[in-house]
Amino acid sequence: MEVTNLHAEREPRSGMISNLGTPASVVIAERAPFGVLADGRLVERVTLGNGRGTRATIITLGATLQALHVGDRAGELADIVLGYDTAAEYLAQPQYFGVTVGRYANRIAGGRFTLDGRAYQLETNHGPNHLHGGTAGFDTRIWTIRSVESGSEARVVMDYASADGEGGYPGALTATATYTLNEADELTIEHRATTDAPTIVNITNHSFFNLAGAGSGDVMDHRLTLNAAAYTPVDDTLIPTVARASVAGTPFDFRESTPIGARIRDGGDAQLRIGRGYDHNFVIDGEYGALRPAARLEHPGSGRVMDLLVTAPGVQFYSGNFLDGAVAGKGGRIYRQGDGLCLEPQTFPDAPNRADFPTARLDPGQVYSNRMVLRFSAAPN
């Protein structure tokens, strides 16, 4: 019998969806080559498109959301996620643009954890800590396309088999990444995993969003709402220090729509200094495992709005603080600090070492599930 240990499905998937015009009520999925890596491996892409012009392009390298075209209040389309034009750049200049991160997204203190009395040591690739599965995490792997479907929804399912011991993690893990687009401009991303031995898992999507268009400038004028009364403060290596702290009276209170740049330079807040801005886990209100509203992102200039619904217990809000102009992305545009932001649904950072956090443990016979819905709309002037 299937058991979901973390984020159980409590609601059905979104229903009927868009049309491209031919035939009616069909959302199209198209599969094509994307590029070839230096070692000769083929990277493919699948583009999901609806009748509104919304298009999501997913590549097999890292099961990555490489492009996402969404209309503004006038119907003009723009690509709203940061990324690269070629497959080789994702490996040569890793920035986690749009990738699937795992086995464990975010940080594990010292790269160490204990499971059933046995200690495990992972790579420390971010100062003293383990980050995003290490330098050879899921984002660097070629995922296998298992199905591509057009119809009332367009969908692609990709999977990756991670061997026992890969990256230092126990258990052979089979992970799937499913992207689904409908006619209501909802892009659903779901990660699932099973294991043959007790292990830890935390898989998410790491897209950098800029609703004005990738490469158009910074996101400080975007307005953010987070349905989170608490967050997890961090030490100077970005590891949580306490289970949760109230956002009330702090620059971390986004319970009402607030421009991202409004308080980001508050030099009196030690947490903002540590993160060079926002790089913190927010504890999403409501029962985790149930799909529920987590965030709303708005760009007043274009009118684009993105509502984020999640099943995860937390969302990491990262304001692009470490983008430093060292890399050029799509169209040769240089990405600088704050040019994109991430909203990463997740289990909490360092959860394998914290009994007071939602569990990251996955046992044989259980199914890990992390589902997020990106719902797009346009606000009038």
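**A buried asparagine and its surroundings**

Mentor: Asn370 has a relative accessibility of 0%, under the 20% cut-off, so it counts as buried. The model is a predicted one, and that applies to everything that follows.

Asn370 belongs to strand β28, which covers residues 366-378. Its side chain has two backbone oxygens within reach. A polar atom of the Asn370 side chain lies 2.8 Å from the backbone oxygen of Ile203. The side chain of Asn370 also reaches the backbone oxygen of Pro345, at 3.2 Å.

Strand β28 also holds Gln366. The side chain of Gln366 reaches the backbone nitrogen of Asp363 at 2.9 Å. Gln366 and Thr195 are 171 residues apart along the chain, yet their C-alpha atoms are separated by 7.8 Å.

Strand β18 (residues 223-226) is joined to β23 (residues 292-298) by four bridges, and the two run antiparallel. Thr225 stands opposite Arg296 in β23. Strand β23 is in turn joined to β24 (residues 304-310) by six bridges, again antiparallel. Here Pro293 has Leu309 of β24 as its bridge partner. β23 and β24 make a hairpin with five residues between them, and Gly303 in the turn has a positive phi of about 85°.

Now step back to the chain. Its secondary structure comes to two helices and 28 strands. The radius of gyration is 19 Å, close to the 21 Å from the globule rule for 381 residues, so the chain is as compact as a globular protein of that length. Along the principal axes, the C-alpha atoms fill a box of roughly 60 × 50 × 40 Å. Of the 381 residues, 59% are buried. Asn370 is one of the buried residues.

Gly102 and Arg103 are joined by a cis peptide bond, with omega about 5°. Arg103 sits in the loop between β7 (100-101) and β8 (107-108). Asp116 is not a glycine, yet its phi is positive, near 50°. Its loop runs between β9 (112-115) and β10 (118-121). Asp116 counts as exposed because its relative accessible area, 56%, is over 50%. His132, also not a glycine, has a positive phi of about 55°. His132 lies in the loop between β11 (130-131) and β12 (144-149). Its relative accessibility is 5%, so His132 counts as buried, under the 20% limit.

Last comes the empty space. Rolling a probe the size of a water molecule over the atoms shows where such space is left. The largest pocket has a volume of about 350 Å³. It is lined by 16 residues, and those closest to its centre are Tyr96, His126, Leu131, Tyr318 and Phe322. Its lining divides into seven nonpolar, six polar and three charged residues. The second largest pocket holds about 210 Å³. Among the residues lining the second largest pocket are Asp218, Arg265, Arg276, Ser319 and Gln337. Its lining comes to two nonpolar, five polar and three charged residues.

The largest cavity has about 70 Å³ of space. Of the 13 residues lining the largest cavity, the closest to its centre are Tyr90, Pro94, Tyr96, Val99 and Asp139. The lining of the largest cavity divides into eight nonpolar, four polar and one charged.

Notes. Residues are numbered from 1 along each chain as its sequence is written. This is a predicted model: local features need pLDDT of at least 70, side-chain atom pairs count only at pLDDT 80 or more; totals for chains, interfaces and linings use all residues. Side-chain values use heavy atoms; hydrogens and water are left out. On a 1 Å grid over the protein atoms alone, a cavity is a set of points where a 1.4 Å probe fits but cannot get out, and a pocket is an open set with protein on both sides within 12 Å along at least five of seven lines; lining residues have an atom within 4 Å of a point. Grid points are joined across faces, edges and corners, and a volume is the space filled by probe spheres set on the points. Ala, Val, Leu, Ile, Met, Phe, Trp, Tyr, Cys and Pro count as nonpolar, Asp, Glu, Lys and Arg as charged, and the others, Gly among them, as polar. Buried means under 20% relative accessible area, exposed over 50%, partly exposed in between (1.4 Å probe, protein chains only). A polar contact is a pair of N or O atoms within 3.5 Å; within protein, one must be able to donate a hydrogen and the other to accept it, and residues adjacent in sequence count only if both atoms are side-chain atoms. The radius of gyration is taken over C-alpha atoms; the globule rule is 2.2 Å times the number of residues to the power 0.38. Two strands pair if DSSP finds at least two bridges between them.
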